[in-house]
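Biologist: Could you walk me through the aromatic rings in this protein? I would like to see how they pair up.

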Amino acid sequence: MLTAHINVGKRSIAIKETDSIGPLDEGIRIHNQKRSYSKPVYDPGNPLVFGMGPLTGLGLPGTHRLTFLFRSPLSGGLYVSTMGGAGWHLKRTGIDAVSIEGRADRPTMISIKGEGKDTVFEFFETDLDRLVKLWEQGGARRLTGEFVKELNYPFRAVTVGPAALKTPFGIAYSADLVNNKIRPGSEDVAGKGGAGSIMMQAHNVVGVAFGGKAKPYKVIRGAQKVIEKQHGKDFQQIFRETTEKYSYSPKLKTGGTFGSNYPHLQVYTPMFNFAMIYMSKEERELKWKELMGPMWWEKFNKETIKPKKFATCGEPCPVACKKVYKGQKVDYEPFEACGPNSWIFDLDQATRLVSFVDTMGYDAIEFGGIMSWMLDAVRVGKIPAKDIGFNKDWSYSGLADFGIKLAKDLSLSDSPVIDALRQGKRQGGRILDDLFDGGIQDLATYVPYGKSGYMSPTMYWAIGNFVPLPLQGRYWTYYKFAVWFEPEDLAERSFQRAVAEAELDNLGVCRFHRGWFEPALDKMLKYRKLKSNGEKMIKDIMKYNQRAGAAPTFWDTQRTKDIIKLGARDFGAEEWANKFEQGGDAALMEYWHRFEEALALQE
C-alpha cells in the first residue's frame, strides 16, 4: 500500500510502501508507530489517515468508499468514518492513502494530482479572517468552490466548515462535481467521530483535493465471475436483490434508509431525546402514525420517490441510494436526529435544519443529539430557555430556527453554556450541572469512554448500540432494535458484526452492498491474494484505546440506563426487567460486566 505522509508544518512529502491491506490497518499501524495515544487529541502528532481499499480498481459498484481513521476528540480513542464515492477520484492520484501530519502555520488547502506515473502535491494558504468570510458564503460547500478556482483537473475535495474550528463535532465534507458545480444528492461526509475537527484543530488543514485524468471505466470480468459464482445468479440480478432497501422496494413502495426505516421501526422510532421510552406503546403508535402522514413520510414519498429524485455518491453504481428532497440528500439518521428526536415532525423544517447543519460542517447526528438534549433540559426545567438561546417557540419552524441559531452559536459565539456544549455531552454535561442545579447530564444518551470521552448512539432503540464496544456510534455492533439477548450472546453477535464492518471499511466497500459482498468475502480476498484481518483490527483498536485511556466505562447517565432497563421490559425480557427494577445499578452493572467479559473472550 502506498501512503503519502504529508507534514503540513514542514511542507514535506514522504511516500512509503507498506504491506497493509487497506486504510484501516494502515491507519492503526501509523498511529501506533507515532504513539498518538500518548499525546493530547488535538496534537499535530494525531495523524488524520484516509484512503481507498484494495478493491477500488476492480470496477465493482460499491467498492470506491474512502475510509478515515483518526483519534477521536469525542471518544478519545481510535475512530473510523467513511464516505461514499471519493475513492473513485483518489485512485487517479497514484497513491492509496494519505496521512496528514504536523500543523500548518496558517489555514491550508492541499492538492494531490495524478500526472501519469507521478503525483504532484501543492499547498494553498489563507488566513482565518478570509476563511471565516468564505464560510459565511456557504460553509464547507464554499471551500469546494475555492478548489474549483485554483485547480485545472477533475477532482473531488474533502473540506471542513466552521463547526471544525471550535467544536469536536466537525465533519469531513465531500461532493461530486459536474461542470465544476456540486451535483445535488452526491454529497457525503465522514461524519461521526470528529474527523473534520482533527483536520482543522490538530493540523490547520481546511481542505484536501485529489484526482486527475479519469481512465475508462470497466468492471474486471474475473472479479465479476467470483460474485456470480458465489450467488449463482447474473451480476445485475444480484445487485437488484441485495440492495433493494437502499434503491427501491416494490413492497414498501419507497426506498433509501429514510423511506425504508420508518415502516419497520413503528413504535420503536426514537423521539424526544429518546424520552419516548417512558411513553406507552399506544402513545408511541399515535406519534409514529403522525410521522407516517403527509408532513413526513408521505411527503418524502410523494416528492422524492415517485418522481425518482435519486442520485449516487459519485461512483458508477446502479443502486442510486441517495434520495433527494428539495436539493438535499435525505438519509434516516441525520433527519431522525434533527427531526422527531428533536421534536420536529415536519420534513420541510427538518430539511432546512439539516441543510444548514451540513453547510456548517457538523455531524448532523451528533448535532441533533446536542439539540434534543438541550430541548429536553428546557422541557423538564433543568435549564432556562434563554440560557441556550431558545425563545420557547415549540412550533416546527420555531424549533428549526433554534437549531440553526444553536449551530451558529456553537461555531462562532461564546458564553458559559456554549463553551460547555463545545465539550460534548459528557464533560459539557458535568459543567452544566455545576452551572445550574444538576440533572442535565442525566438526560444525555451516550456510550462513555475513559474519564471524559463518549460517543452518541445510532438512532435506534437497540441494546447493542449502548454496550461497551471499542467503537460505537456506527454499525460496528449488533444493532437490531426491539430485541433482547443475554450479554454473552450479544457480545458474540456484536463482535462478529464489528469484525465484518471493519473488513468492509478496510476494503473500501459500502455497507449498502454488504448483502452481496459479505457472502463472497473469502473468495474475493483469495482472488486478490489478500488475507482477512478484521478480527486483528478490532483487537488492535481495543489495545490502542486502552493505552489512550479511552476504554469503555459503565453507563453514567440516567437516560442511558433507562434505555437499557425499559428496553428489557418492552422487548419481553421479563427476568432482566425484574432484576433491573429490584437491583438498580448493581443489576445494570452485572449485564455490563458480563458483556465486557464475554467480549474479551471472542476469537
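Modeller: Happy to. This is a predicted model, where local features need pLDDT of at least 70, side-chain atom pairs count only at pLDDT 80 or more, and totals for chains, interfaces and linings use all residues. Residues are numbered from 1 along each chain as its sequence is written, and side-chain values use heavy atoms, leaving out hydrogens and water.

Biologist: How many aromatic pairs does the structure hold?

Modeller: Rings of Phe, Tyr and Trp (its six-membered ring) pair if their centres lie within 6.5 Å; planes under 30 degrees apart count as stacked, over 60 as edge-to-face and the rest as tilted. By that rule, the number of aromatic pairs is 41.

Biologist: Are the rings of phenylalanine 272 and phenylalanine 345 stacked or edge-to-face?

Modeller: A pair of aromatic rings is described by the distance of the centres and the angle of the planes. For phenylalanine 272 and phenylalanine 345, the centres are 5.9 Å apart and the planes meet at 20°, so the pair is stacked.

Biologist: Is tyrosine 591 buried or exposed?

Modeller: Buried means under 20% relative accessible area, exposed over 50%, and partly exposed in between (1.4 Å probe, protein chains only). Tyrosine 591 has 0% relative accessibility, so this residue counts as buried.

Biologist: Which charged residue sits over the ring of tyrosine 478?

Modeller: A charge sits over a ring if NZ of Lys or CZ of Arg is within 6 Å of the ring centre and within 35 degrees of the ring normal. Here the charged end lies 5.2 Å from the centre of the tyrosine 478 ring, and it belongs to arginine 493.

Biologist: At what distance from the ring centre of phenylalanine 310 does lysine 323 lie?

Modeller: Lysine 323 is placed over the face of phenylalanine 310. Its distance from the ring centre is 3.6 Å.
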